[in-house]
Structures are given as structure tokens and as C-alpha cells.
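Please open the structure in your viewer and keep the selection tool at hand. Each stop of this tour says what to select next and what is there.

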Amino acid sequence: MGKPSFFRALAKDPTANTIVIAAATMVPLVAMVGGAVDASRYYMASTRLQAACDAGALAARRAMGDAPSFDSSVHGGVGTDFFEENYSDGLFGLENLTHSFIAPDDDRVEGTASGRLPTTLMHIFGFEGFDLSVGCSAEVNIANTDVMFVLDVTGSMGGASGTPGQTRIQALRAAVLDFYDSVETNSARSAQIRYGFVPFSMNVNVGGAIPVEYMASNHTYPTRYANFDINWERVSLTRNDITDPGTETLDRFLTTAQGFVSETRCEEAVPEFTSGPSETIDESSLDISSGNVTSQTVSGTTRTTIGSNATVEIERRDPNYRYDSNGFCRVGYDIFESTAQVNYTLIEEQVRTFANYTYLDLDTASVPAEATDWQAVDFSSIYTNNQISLPVGDEGAFINVPWAGCIEEANTDSVGAFDPITDATPDLDINLIPANDDEAWKPLLPSAVYYRYTDGTNEINAGNRVLGQQTSVENKRQPSNVCPAPARRLEEIGPDSPTGFTRGNLVTYLNSLQPSGNTYHDIGMIWGGRFISPNGIFAADNRAAPNGDAIARHIVYMTDGILQPFDRLYTTYGLEWWQRRVTDDGSIAQQTERHAARFQAVCQAARQENVTVWAIGFGDNIDPDDPDDVTVQDLTSCASPNRAYFPQDGASLADTFAEIAEEIAALRLTS
């Protein structure tokens, strides 16, 4: 018998069952693997297609910028370039790829992309391919946003910007206005966009924004009062009555009058030659300090004395007449003289003769007794009409002292470290709600402030300065002071502004910013932080937006110079050399060190309130490539991460503000 064939042997072999089973399972396995492969290709292709559409829409909207309309060849071309960069033709085998970008309105760019993706294995089962289609939309749509501009308006801002024909302050005005226009163009219709401004130099003008209840009712000023020599000058002397007429003496005086034709006529002539009693008194010799003074009262500057201390001479003439037979009329006088005491009322006014000045740190809550005119001053009256009458003029005259709106800060501690800020330095607390006069803000009053220095010298040389109280006949010099334009709290700007502040008002306001004074970085940031913080004295306005959505908060801080404190300027911390609120010794070196530390402390406090701090160092005097440039170091440390900029000229300043505006009004994918 011969050997069985292969197939017959295979049929009889029980292990061959696995081949049948394997063959039977190949179909579902191919379907599973093919489906997974094609599904994966579909997912990757569609995801990449969506990403390319999004990139193109974002690029087209960015390219469109503030253009009044969408140009398909220009703006759409940019979108196409970005699309094709992200999805090249044939990627993942996609066929019949199409895409397009349009702008249905001024705020939004929409895009579509489609194609057909052939299958690899699934076509075995009749699935030839997938149709892919995606849509995308991009718009510049800013949410609720607060932007606080803290702007250096010191003297150096009047210098050239590096752009021909333009000063730094002019470059700043233009950049801020462009920033506003850019953000407003791209803001959502339902969003609240608010802007605030804190121009700063050596002071800030924030008094008009602070509720009166947080302004102090008293404060200590380096000022003066006049000392006087006091005398009394007679105004009037009024006689009341005569006492003790004394002994009379008799004298006779005869005169003859001829020519009267009758006795009756002679009798009628008698009154022409006679008079009743008369008295004379030498008032110039009246001495109220002696004699019988019955009472004396003083009311203000008037003194009234009642007494009887003057000798009076009394004369009385009693006439008589005779008529003789010859027709002559003879008239005679009997003269009686006596002395008496007179009761009188003497009124005098106080006469003050200027003696000298006392120069001192005067606390208006506890005025020295000899500073009598100061005691009558109602310090809080300054908040009624932004001025107050104070006795600080020549020889103690009352003068009108205006208040422009700049303030002296809350009390502080002369320390150099502020990590963290403590209760001892409420001036650095951007959420401060004053509980007493120490923590309250005080009016800055340059017209009432004086230096103290040795007579015959001046305050320039520190060796001439007098730290304590000083008496002098000299009219001492008064300090230099700069009060910048008033700050503005956060408010909407535009035709729908609740406060009526329009773009035209913004232009006028920016033009009012004038360069003057020295650079104190910290005082600008302190009030930028206070104006924007969701806590503190402005919390009611800052905590929430009307639509209930979150608020993005930004401080845009710009300076063109290094910190420049001075020891004899009148600033928000008073006269530092004399009052030493910030330093231990009044020195410029220690002021510089401590104001720099204060600046960093307040920058940190603002960031802790979830405020993005953008710091700009403007000008070719600032070198971002120099690791030792102090301004670069200070601003970089102050700013939020990667938010420090150092434009060198006016043109680059405008670009910087535009870039910040673009970041704030970030492009957003909406579908």
C-alpha cells in the first residue's frame, strides 16, 4: 500500500484544525488592525487639520490688526501661509485639500479646511476613505480689564526721545493714546475696560481721589510761627461822673461894655459873656496801672479799664451886670475854681511788635502756647476749598496757603528691609484703610514749609543746617517742590463712559502731563497699587465687574531714569534731612538705598494682588545689556516674569506699548 497524499494526511491530522481556525480569524483581525490604523490616521489628520486652521485664523486676524476691512489677498494670504506651514499638501495621504479664510465682521476671522483621507486596509471591506472638514474662528476679544498707567513725568522727560523732533514726554503721550486705541478696538462689547493714571515725580497728586474721611485732621509740618512784643495803645477814654468837688476858690473878673441904651439890652447881653461850669483833664498823663481801678477786662486784643484816677480842674462862671445912669452896661464874672476825681472808662487795643520767628516741626494738634495765631487754625478746613489761611507770612501775617492735591504719606518706620511689609510701615500698604491721623494722608503744603539753617548762611551745605528748633529774625528759605498733574482713578473712557470721560478728554489729560522734578519710583508704584487693588479704600469699585466676570489687572509702569532722591526736597515724606521719616541720617545715599527697597516691596505687594506688572525703562541712558545697570535691575525685579522692556527711543517706546496692548488684548480662538 502506498504513502497517503499530503492533503489526505493533513485532513487526518488533528493539529490542522488550528490552520482553519487561524484562517477564520484573519478577517476580523485585518478589520481590527486596519480600522485602528485608519482611525489613527483619521485622528491625526483631523487634529493636524484643525491646528492648521486655527493657526491660519490667528495669523490672519493678527495681520488684519486695526484694518477697517479684511483683504483676502493680504490678510487671507497670511492665513494661507500659516495653514500650509502647519499642514503640507499630502500629509497623512489627505487628498483634495482645500482651505479658506474670511472675516464676517471687524472683530473675527473665520476659516474652513477640508479634504478626503483614503483608507489603507479598510478599503478591503468597502470603506474607501473619510471626508474631513474643520472650522475655526479667531478674534481679538479682551475681557474685563483694568489698566493702571504709572508714568514718570520728571524733568528728564522733557529731553529728546531719540526720535527726531520728539521729546520723551511727547513720545509717552502718543504711545499711551495708541495703546488705548488698540485695546478699545479689540475689546468685547460686554467687557468693562477701565484705565487709570498716576503721573509721578517726587510726589503724586492723589488728594482729589482720596475720600475726605481718610485725610488727616492734624499733621506735623516743618514750619514757623512769629514771636511778638506786646503793648497796649489807647483807643478812647469816656468820663462817667465826677466825685469829691473839693474846695472852691473865688475870683472876680470884670469887664465893661459901653453903648447899651437900656438896662434891658444890657441884661440880654450877659449870656454872650458868661458860661456854665467846664472841666479839663490831661488824658495823656492818665495812668491805669495805678490809682483806683475798679475793674479790667480783656477780650481778644481789646482791654477795658474802669476806674477813678484823674485830677479834674473845674471852672464855673457866674455873671452879674450893672446899668448906670450914664447908659453904660457893666458885666461882671464871678469865677469859681475847684479840683475833683473823675470816673472813667478807658479802652485800649493790643499792639504787637514783631520780635522774631521760631522755626520748628510744628504739630497742629499740640501747638505751643506762644504760637497764639496757630491755635485758632481749623486744619480740617483745607478740605472744603483746597486752601487754608496760616500765620506763616512775613512777621507772622496770615497768608492763603493753597493745596494743589499732592499728599504726604502715612507714617512709616525708618528701616531698610520690607519683606514682608509690616504694620510699622503703613505707607507701603496698598490696601491701607486708615484708622487714625498717623495712618491717614496729609496735604502737602509747600507755602507753609521752611528750612532751618544757621543765620547768614543757607541750607545747601549740610553743615549749616539746624536739626532742632531754631529762633531767628531771618526769613528762611523755602524748599523746592513739584506737584504733578492729578492722578485719575480707574474709569471707562469713551462715548459710553459713565463719568463722561471721552477720548478727547484723554488727549487733553495726556497733554497736561508736564516734565518736572526728581524721580522717586516707590511713590508712583504705591499709588498705582492702591488705585488698582481689589482691596483697600477703593475695593468697592475694584472688586468685581458689572457682568460678574473676573477682572484682569495690569500696571504699566514707565520711567526714563534712575531713582534720584534728594535730602532737601519737599516730597511725600516731608523734608528728609530734617524729619528723617525714611532714613536714620537724612543722607542721599541712604535715601537711595531705602527708596529702592520700598519700590521692590510695593511691586511685590501689587503682584500678590494678582496684578500683572509691566515695567518699561525708556531712553538710551538705560542699557539692558549692562548687568550693572541699576535701573534695569530695579525694573526687571519689579516686573512680572518676562514683562520688563527697555525701548531706546520714541519709536521703540510706541512699539513696546503696542506689544503690551496686544498681549493684554490677546488673540483668542473662539471655535
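Helices (H or I, at least four residues) and strands (E, at least two) are DSSP runs, numbered from the N terminus. This is a predicted model, in which local features need pLDDT of at least 70, side-chain atom pairs count only at pLDDT 80 or more, and totals for chains, interfaces and linings use all residues. Residues are numbered from 1 along each chain as its sequence is written, and side-chain values use heavy atoms, with hydrogens and water left out.

**The whole chain**

Of its 671 residues, 44% are buried; buried means under 20% relative accessible area, exposed over 50%, and partly exposed in between (1.4 Å probe, protein chains only). The chain exposes about 31,800 Å², of which carbon and sulfur atoms supply 50%. Accessible areas come from the Shrake-Rupley method with a 1.4 Å probe, and for residues only the protein chains shown count as cover.

**Strand β6**

Select Asn227, which is found in strand β6. Is Asn227 buried or exposed? Asn227 counts as buried because its relative accessibility is 17%. Beyond the residues up to four places away in sequence, Asn227 touches Thr353, Phe354, Ala355, Asn356, Tyr357, Thr358 and Glu370. Contact here means heavy atoms within 4.5 Å.

**The cavity**

Rolling a probe the size of a water molecule over the atoms shows where empty space is left. A search of the whole structure finds 1 cavity of 30 Å³ or more. On a 1 Å grid over the protein atoms alone, a cavity is a set of points where a 1.4 Å probe fits but cannot get out; lining residues have an atom within 4 Å of a point. Grid points are joined across faces, edges and corners, and a volume is the space filled by probe spheres set on the points. The largest cavity holds about 60 Å³ of space. Select its lining, which includes Tyr225, Phe228, Arg352, Glu370 and Trp374. Both β6 (220-243) and α6 (372-375) supply at least two residues of this lining.

**Salt bridges**

Side chains of opposite charge can pair when their charged atoms come close. A salt bridge is a side-chain nitrogen of Lys or Arg within 4 Å of a carboxyl oxygen of Asp or Glu, and by this rule the count comes to 20. Select Asp427 and Arg598, which form a salt bridge with their closest N and O atoms 2.5 Å apart. Asp427 is in the loop between β14 (407-408) and β15 (442-443), while Arg598 is in helix α12 (residues 588-608), 171 residues apart. Both Asp427 and Arg598 are buried.

Next, select Glu459 with Arg477; their side chains meet in a salt bridge (2.8 Å, N to O). Arg477 lies in the loop between β16 (470-472) and β17 (488-491) and Glu459 in the loop between β15 and β16, so the pair ties together parts 18 residues apart in sequence. Arg477 is partly exposed at 42% relative accessibility, whereas Glu459 is buried at 1%.

Finally, select Arg168, Asp560 and Asp620, which are linked in a network of salt bridges.

How values were computed: 1 Å grid on protein atoms, 1.4 Å probe; cavity = no way out; pocket = protein on both sides within 12 Å on 5 of 7 lines; lining within 4 Å.
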